[in-house]
Amino acid sequence: MAYTLIETARLNGVDPRAWLTHVLAHIADHKINRLDELLALALRCNRSVAGPSSP
């Protein structure tokens with residue numbers, strides 16, 4: 001499961017370590033009906049989470 005999360009982040013141009021750090025820091029306070037906002041695909045455009053290979 002961890003490999004899938006990491007590779008999904010990479011495929012979306014997001015630094016996996018930064019993304020996982022972001023998710024773990026915010027998931028406890030995040031509304032359950034908005035969890036899709038924490039997906040790597042949703043955060044792809046966020047420059048603080050995206051890696052250098054992002055568009």
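Predicted model: local features only at pLDDT ≥ 70, side-chain atom pairs only at ≥ 80, totals over all residues.
Let me begin with the conventions. Local features require pLDDT of at least 70 and side-chain atom pairs pLDDT 80 or more, whereas totals for chains, interfaces and linings use all residues. Residues are numbered from 1 along each chain as its sequence is written, and side-chain values use heavy atoms, leaving out hydrogens and water.

I turn to the overall picture. The protein has two helices and zero strands, where helices (H or I, at least four residues) and strands (E, at least two) are DSSP runs numbered from the N terminus. Of its 55 residues, 25% are buried; buried means under 20% relative accessible area, exposed over 50%, and partly exposed in between, with a 1.4 Å probe and protein chains only. The accessible surface is about 4,200 Å², and carbon and sulfur atoms contribute 62% of that surface. These areas come from the Shrake-Rupley method with a 1.4 Å probe. Among contacts with a separation of 6 or more, 49% join residues 24 or more positions apart, a contact being heavy atoms within 4.5 Å.

Next, the helices themselves. Helix α1 covers residues 2-11, and one of its 10 residues is buried, so the helix lies largely in the open. Just after α1, Gly13 adopts a positive phi of about 75 degrees.

How do α1 and α2 pack, and at what angle? Helix α2 spans residues 16-26, and its axis lies 9 Å from that of α1, at an angle of about 115 degrees. Axes here are lines fitted to C-alpha atoms, for helices over the stretch in contact, and angles run from 0 to 180 degrees between N-to-C directions. The two helices are therefore roughly perpendicular, the class assigned to angles of 65 to 115 degrees. On the α1 side, Leu5, Ile6, Ala9 and Arg10 meet Pro16, Trp19 and Leu20 of α2. By class, this contact comprises six nonpolar, no polar and one charged residues.

Finally, two leucines. Leu11 belongs to α1 and is exposed, at a relative accessible area of 73%. Its C-alpha lies 9.0 Å from that of Leu41, 30 residues away in sequence. Leu20, in α2, is partly exposed at 30% relative accessible area.

Definitions and conventions
Parallel < 35°, antiparallel > 145°, perpendicular 65-115°, else oblique. Nonpolar A, V, L, I, M, F, W, Y, C, P; charged D, E, K, R; others polar.
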